[in-house]
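Welcome! Please take a moment with the sequence and the model below, and then read on for a guided tour.

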Amino acid sequence: MDVTTRERTRLFLLDEIEALLPFDCIVVAPAGRQLEATEVVRREDGGLELRVPGRPPPFPQWTSDEREALVARGFTSSNPDDPVEPWVKPVTDEDAAVDLLQDVRVGVFGAKPDVHLDIAHGNHRREHEARQKLAVARERIEPIVEDLLGRPPERDADEDYILPIGEVHVTVAPRAGLDGSIVIRVFAVTNVGISATPELGLFLARLNFGLMFGRFSLDVEHSSIWFDETLLGEQFREEELRFAVQVVSTTADAWDDRLKQMFGGVTYQEVLAGKTAEARPTTKPGEGVGMYL
């Protein structure tokens, strides 16, 4: 919807924000500049907050000036280094929300004060419910992986569980899908610094065809090979998670040295031991636009 004067814009936005029910949101962006969108969200408790949505790869990241401008205006992120996480600031009422919308649009992203706006409506209830389901899944996972190790497992920056089993580091990663479904990704890196050749891709495809459980995948951008298995998070049984961890650890251990001999690179165990200059992969299976919360 196009709004052409500053006063009409303000009155229109006030009406839209006042009509928001819990979990509803209005998304406002300068026309044709969706990466500069800002949301006004009605929380479950009835309060209001502004969110500047995250920008997962391959979208361009915020500039340092934009990030500093958000921080200066009181926006915070639960994990500033995670490009997926939004930057959020609570506001006292509808007037304060409209004022901050204008300030972000002009002061942070450099839009003209009277620019035409693109406006959309949404709802975060499904996301809220998915996060609740994710918390329940974690409560089920934690005692199982603790029993497997005989101690509480370490967690990485994503709060995923790291299980050193023999020479393999298995990661157990609960995820909430955008449709509200919960999945448990169980995976391990096998090789790093490997050349992504057609021969390697064909070999992994043939290898996967013969596997009963799990699959190998090739991270071309980070020259690494992974092995992973997936469980439905709301339905998995304890023995299924234990079995998935065992399959990932034994299969990764059985193939990492062989893949190194056949296609070069190094094993991930060598990376963890500091025996190579190869870096750890910075992404995980399933990451990307529109995949998980």
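## Aromatic groups

One aromatic cluster is made up of Phe 203, Trp 255 and Phe 263. Please keep in mind that the model you are viewing is a predicted one. In total, six aromatic pairs are counted. One of them brings together Phe 187 and Trp 226, whose ring centres are 5.6 Å apart and whose planes meet at 70°, so this pair is edge-to-face. Phe 187 belongs to strand S9 (residues 182–192) and Trp 226 to strand S11 (residues 224–232), so the pair ties together parts that are 39 residues apart in sequence. Are these two residues buried or exposed? Both Phe 187 and Trp 226 are buried.

Another pair is formed by Phe 213 and Phe 243: with ring centres 5.0 Å apart and planes at 80°, it is edge-to-face. This pair also links distant parts of the chain, 30 residues apart, with Phe 213 in the loop between helix H5 (198–209) and strand S10 (215–219), and Phe 243 in helix H6 (residues 238–263). Phe 213 has a relative accessible area of 37%, so it is partly exposed. Phe 243, at 36%, is partly exposed as well.

## A look at Ala 244

Helix H6 also holds Ala 244. With a relative accessibility of 3%, Ala 244 counts as buried. Which residues does Ala 244 contact, leaving aside neighbours within four places in sequence? They are Val 186, Glu 229 and Leu 231.

Ala 244 and Val 172 are 72 residues apart along the chain, and their C-alpha atoms are separated by 9.5 Å.

## The five-stranded sheet

Now for a sheet. Five strands form an open sheet in the order S4-S3-S2-S1-S5, and their pairing is antiparallel. Strand S4 (87–91) and strand S5 (117–123) stand at the edges with a single partner strand each, so one side of each has no neighbour in the sheet. From one strand to the next, the twist averages 20°.

How many bridges join strand S1 to S5? There are seven, and S1 (residues 24–30) runs antiparallel to S5.

## Two hairpins

Strands S6 and S7 run antiparallel and are joined by two bridges. Glu 154 has Ile 162 in S7 as its bridge partner. The two strands form a hairpin with five residues between them, and in the turn Glu 159 has a positive phi of about 70°.

S7 also pairs with strand S8 (residues 168–176), in the antiparallel sense and over five bridges. Here Ile 162 stands opposite Thr 171 in S8. The hairpin of S7 and S8 has two residues between the strands, and Gly 166 takes a positive phi near 65°.

Where is Asp 160 found? Asp 160 is in the loop between strand S6 (154–155) and strand S7 (161–165). Its relative accessibility is 0%, so Asp 160 counts as buried.

The side chain of Asp 160 is joined to that of Arg 175 by a polar contact of 2.8 Å. Not counting residues up to four places away in sequence, Asp 160 touches a set of residues including Arg 138, Glu 154, Thr 171, Val 172, Arg 175 and Lys 284.

## The whole chain

Stepping back, the chain has seven helices and twelve strands. Its C-alpha atoms fill a box of roughly 70 × 40 × 30 Å, taken along the principal axes. Of the 293 residues, 41% count as buried. Among the contacts with a separation of 6 or more, 60% are between residues 24 or more positions apart.

## How confident is the prediction?

The average pLDDT of the chain is 90, and 96% of the residues score at least 70. Which residues stay under 50? That stretch is residues 289–293, for which the model has 21 contacts beyond four places in sequence. Where pLDDT is low, the predicted coordinates should not be read in detail.

Notes. Residues numbered from 1 in each chain as written. Heavy atoms only, no water. Helix = DSSP H or I, 4+ residues; strand = E, 2+ residues; numbered from the N terminus. Buried < 20%, exposed > 50% of the residue type's maximum accessible area, 1.4 Å probe, protein only. Polar contact = N/O pair within 3.5 Å; in protein donor to acceptor, adjacent residues only side chain to side chain. Contact = heavy atoms within 4.5 Å. Pairing = 2+ DSSP bridges. Axes fitted to C-alpha atoms, helices over the stretch in contact; angles between N-to-C directions. pLDDT = per-residue confidence, 0-100. Phe/Tyr/Trp six-rings, centres within 6.5 Å; stacked < 30°, edge-to-face > 60°.
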